[in-house]
Amino acid sequence: MLNQLGPQPTLLGSERLRSRGSQPMRVRVEGDSMRPALVPGDWLLVRRGAVVHPGDLVVARLPGDPDQLIVKRAQWHGADGWWLESDNQRASGRRDSWDFGPVPDIVGRVVLRYWPLRRRGR
């Protein structure tokens with residue numbers, strides 16, 4: 001799950017940055033479902049309305065709870081929407097298209113993990 005507040009991106013400037021007419025958004029990763037690519041506490045810059053390709057990390061609305069945002073990997077696009085999967089299928093409490101099917105409402109594509117600047121052990 002995601003949180004939408006936090007440190008300003010240092011690489012790309014403030015949240016007021018415009019990108020092809022769409023407002024970027026910042027989100028904080030919660031939970032282990034996207035390990036090892038993303039870990040709890042990572043901050044992401046998301047380009048709303050961006051074109052999505054298989055393999056991209058995306059932010060979507062959780063089916064059944066549209067106020068809740070999730071970050072997942074886009075696998076393929078079908079007539080009913082995008083099939084989204086967690087990188088860590090063994091994570092406790094993970095939810096993805098295996099649970100709720102294709103997702104029609106993609107908020108945007110992750111373009112940058114900007115915080116922390118460096119991770120321990122990498």
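pLDDT is the predictor's confidence in each residue, from 0 to 100. This is a predicted model, so local features need pLDDT of at least 70 and side-chain atom pairs count only at pLDDT 80 or more, while totals for chains, interfaces and linings use all residues. Residues are numbered from 1 along each chain as its sequence is written, and side-chain values use heavy atoms, with hydrogens and water left out.

**View 1. Confidence along the protein chain.** The mean pLDDT is 84, and 80% of the residues reach 70 or more. Strand S1 (residues 2-3) has the lowest confidence, at a mean of 54, and S6 the highest, at 98. Strands (E, at least two residues) and helices (H or I, at least four) are DSSP runs, numbered from the N terminus.

**View 2. Trp76 stacked with Trp83.** The structure holds 2 aromatic pairs, and here Trp76 and Trp83 are stacked, 5.5 Å centre to centre with 5° between the planes. Rings of Phe, Tyr and Trp (its six-membered ring) pair if their centres lie within 6.5 Å; planes under 30 degrees apart are stacked, over 60 edge-to-face, the rest tilted. Trp83 is buried, at 13% relative accessible area, and Trp76 is partly exposed, at 44% (buried is under 20%, exposed over 50%, partly exposed in between; 1.4 Å probe, protein chains only).

**View 3. Trp83 edge-to-face with Trp98.** These rings sit 5.2 Å centre to centre, with 90° between the planes. The pair links distant parts of the chain, 15 residues apart: Trp83 in strand S6 (residues 81-85) and Trp98 in helix H1 (residues 97-100). Trp98 is exposed, at 53% relative accessible area.
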